[in-house]
Amino acid sequence: MNIHEFQAKEVFARYGIPVPRGIVATTPAEAKAATQELGGRSVVKAQIHAGGRGKSGGVKLVRSPEEAEEAARSMLASTLVTPQTGPEGAPVEKLLIEELADIKNELYVALTIDRGHRGPVLLVSTQGGMDIEEVAANNPEDIHTEPVDPLLGLMPFQTRRLVRRLGLGPTVAGSAAKVLTALHQVFVENDCSLVEVNPLIVTGDDRVVALDAKINLDDDAMFRHPGLMVYRDVNQEDPLEAQAADLDIAYVNLDGDVGCLVNGAGLAMATLDVTTAAGAAPANFLDVGGGATPEKVSSAVKIILSDAKVRRVLVNIFGGILRCDIAGEGIVLAYKETGSTIPLVVRMLGTNVAEGKEILGASGLPVVFADTLTEAADAIKQLNI
Ligand code: GDP
Ligand code: MN
């Protein structure tokens, strides 16, 4: 789960990480009042679940309350497109109005999981404020990393080593080390998959402040943090993904035109691979799960069918806990209720496969049956759409 910058900064503040004084505004009048309160000047920041706002008009420095009001008016109710949002952009419904920072130095800090190391990794760079992907591509030597042992945690020598690489003077180094330690604590205690501060700044008076804040929470660990659920902002999520999450269906929206209905995450990934290898492009990853009812299967199919990109559907069901007849019933239900005529290729195996195929065969839906996954992918490829 992604959360907003102002929420991530609330979390940071709870861990003693310095953040600029800020006020959330949802109207131009509130932005004006907030700027007044902050001394007449401020930075107006669009709150969306994506970065790259600075380059795309989502971060504006203003010199008066009126200017803040004006900036807020143009940002609010707009859809902000940044390099990270995709062409559809993200709706701006909240602004963070912050005191202006006196920036002497912009640094980059992040924690994420490194699969190679099988644990968290702490990254720092002197190239803060930049696209880290660009730094990684052009100046990889400017990114310094420390793998963190999950049992020992972040060791003081590791923090000192990173701070030294940032080339900070003695007073700043001490504060920076404290911030790195606290960020690691945020990462571990909240089951984050990403904590990123870009930029972490050194101010003119040598304070270390998190000027930006990004936190990604691990969805599978959210049950351990019910208090963080209040941070969910459904309006920032892909509507189909949000709908699927509410139905407890594992779904990820992709770019292609082949809607995929699969039971089991591994089978779903294999289905995407084989579909892609056959020269077709999946529109989604979807794992309907084991104990699905016809209604749940039907909801999953409706999510697939309501995706405007989908022009053909590939069903790959291995009937075990989810029986093939239940899957068949669910598919027919969704097609009947939506009146869809999108062709589908069905590969079914396992429990009640004969019944499942019979239900689909008798339904009048535009179904092509396949016995193996490879045949199914070829059939998808050959569909005349
Ligand atoms: P992002 O582009 O979405 O990552 O948004 P950021 O919060 O990182 O802001 C983008 C850039 O705006 C930062 O790298 C800073 O250079 C600049 N910026 C943000 N707040 C301030 C501020 O208070 N004062 C100044 N001078 N620049 C700021
Ligand atoms: Mn940033």
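Is Arg-118 buried or exposed? Arg-118 is exposed, with a relative accessible area of 74%; here exposed means over 50% relative accessible area, buried under 20%, and partly exposed in between, using a 1.4 Å probe and protein chains only. This is a predicted model, in which local features need pLDDT of at least 70, side-chain atom pairs count only at pLDDT 80 or more, and totals for chains, interfaces and linings use all residues. Residues are numbered from 1 along each chain as its sequence is written, chains are lettered from A and ligands numbered from 1 in the order in which they are written, and side-chain values use heavy atoms, with hydrogens and water left out.

**The chain as a whole**

- The protein chain holds 12 helices and 18 strands; these are DSSP runs numbered from the N terminus, with helices being H or I of at least four residues and strands E of at least two.
- Taken along the principal axes, the C-alpha atoms fill a box of roughly 75 × 50 × 40 Å.
- Of the 385 residues in the protein chain, 50% count as buried.
- Among contacts (heavy atoms within 4.5 Å) with a separation of 6 or more, 68% join residues 24 or more positions apart.
- Lys-336 sits in helix α10 (residues 324–338) and is exposed, with a relative accessible area of 53%.

**The manganese site**

- The manganese ion (ligand 2) has Asn-198 (O) and Asp-212 (OD) as its protein donors, lying 2.1 to 2.2 Å from it.
- Asn-198 belongs to strand β10 and Asp-212 to the loop between β11 (208–210) and β12, so the pair ties together parts that are 14 residues apart in sequence.
- Donors here are N, O and S atoms within 2.8 Å of the metal (3.2 Å for Na, K and Ca); water is not among the atoms, so sites may look incomplete.
- Asn-198 is buried at a relative accessible area of 17%, and Asp-212 is buried at 18%.

**Around ligand 1**

- There are 18 residues around ligand 1, and Lys-45, Arg-53, Gly-54, Ala-101 and Glu-106 come nearest; a residue counts if one of its heavy atoms lies within 4 Å.
- Oxygen atoms of ligand 1 lie 2.6 Å from a polar side-chain atom of Lys-45 and 2.8 Å from a polar side-chain atom of Glu-106.
- Ala-101 uses its backbone instead: one of its N or O atoms lies 2.9 Å from an oxygen atom of ligand 1.

**Strands β10 and β12**

- Strand β10 (residues 192–203) pairs with β12 in the antiparallel sense over 4 bridges; strands pair if DSSP finds at least two bridges between them.
- Within this pairing, Leu-194 has Asn-216 of β12 as its bridge partner.
- In a regular strand the side chains alternate between the two faces of the sheet.
- Both faces of β12 (residues 214–217) are covered, with Lys-214 and Asn-216 buried on one side and Ile-215 and Leu-217 buried on the other.

**Nonpolar cores**

- The largest nonpolar core has 40 residues, and Phe-12, Leu-168, Leu-183, Val-195 and Ile-215 have the most contacts inside it.
- Elements that each supply at least two residues of this core include α1 (5–14), β7 (103–114), α6 (170–189), β10 and β12, and α6 gives the most, with 10 residues.
- A second, separate core of 34 residues includes Ile-304, Cys-324, Tyr-335 and Val-346.
- A nonpolar core is a set of buried Ala, Val, Leu, Ile, Met, Phe, Trp, Tyr and Cys residues joined through side-chain atoms within 4.5 Å.
- Leaving aside neighbours within four places in sequence, Val-195 is in contact with residues including Phe-12, Val-109, Leu-183 and Ile-215.

**Loop residues worth a look**

- Most residues other than glycine have a negative phi, and most peptide bonds are trans.
- Arg-118, in the loop between β7 and β8, has a positive phi of about 60° although it is not a glycine.
- Asn-352 also has a positive phi of about 60°; Asn-352 lies in the loop between β17 (344–350) and α11 (353–361) and is partly exposed at 26%.

Definitions and conventions
A polar contact is a pair of N or O atoms within 3.5 Å; within protein, one must be able to donate a hydrogen and the other to accept it, and residues adjacent in sequence count only if both atoms are side-chain atoms.
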